[in-house]
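Have the model open beside you and try each task before reading its solution.

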Amino acid sequence: MQTVQHHLFLCATPTKALCHQGPVGAQCWEQLKKSIKAAGLEDPARKEGVVLRTKADCLRLCSDGPVLLIWPSGHVYGSLLPERIERIVQQHLIAGEPITEWLVKQFSF
Ligand code: FES
């Protein structure tokens, strides 16, 4: 059985483009893939569990995008930029310290 530490949902290229415009979402998605892979977070042998990622069409927030939801903690980052992705991976996903100034919402599941 595989353990999942986090599942990330990024509104990267939404059909209606309500939360952001232009290529920034796709750029964030590409950076997210690179950063997760480079940090070894997809390794099934990782003791904390793997980090999964999904490109979502819309997360029903529809402002301050691109928007990244982290499950199961419910943290939502907004106004993403490719250069912010690496810090989120290192500080939030690996070190377990959310970057509070970039959060736009907190869900509870
Ligand atoms: S269009 Fe991005 S959250 Fe709805």
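**Exercise 1.** Work out how the length of α2 compares with the expected span.

*Solution.* Start by counting: α2 has 13 residues. Helices here are DSSP runs of H or I with at least four residues, strands are E runs of at least two, and both are numbered from the N terminus. Next, take the expected span, 1.5 Å times one less than the number of residues. From first C-alpha to last, α2 reaches 18 Å, close to the 18 Å expected.

A quick note on the source: this is a predicted model, where local features need pLDDT of at least 70 and side-chain atom pairs count only at pLDDT 80 or more, while totals for chains, interfaces and linings use all residues. Residues are numbered from 1 along each chain as its sequence is written, and side-chain values use heavy atoms, leaving out hydrogens and water.

**Exercise 2.** Find where α2 bends, and what follows the helix.

*Solution.* Look at Ile88: α2 bends there by about 35° (the angle between axes fitted to the seven residues ending there and the seven starting there). Then move on to Gly96, which follows α2 and has a positive phi, near 75°.

**Exercise 3.** List the buried residues of α2 and say what covers them.

*Solution.* Buried means under 20% relative accessible area, exposed over 50%, and partly exposed in between (1.4 Å probe, protein chains only). Pro82, Ile85, Ile88, Val89, His92 and Leu93 are buried in α2. Their cover includes β1, α1, β2 (50-56), β3 and β4 (75-77).

Note on methods: Contact means heavy atoms within 4.5 Å.
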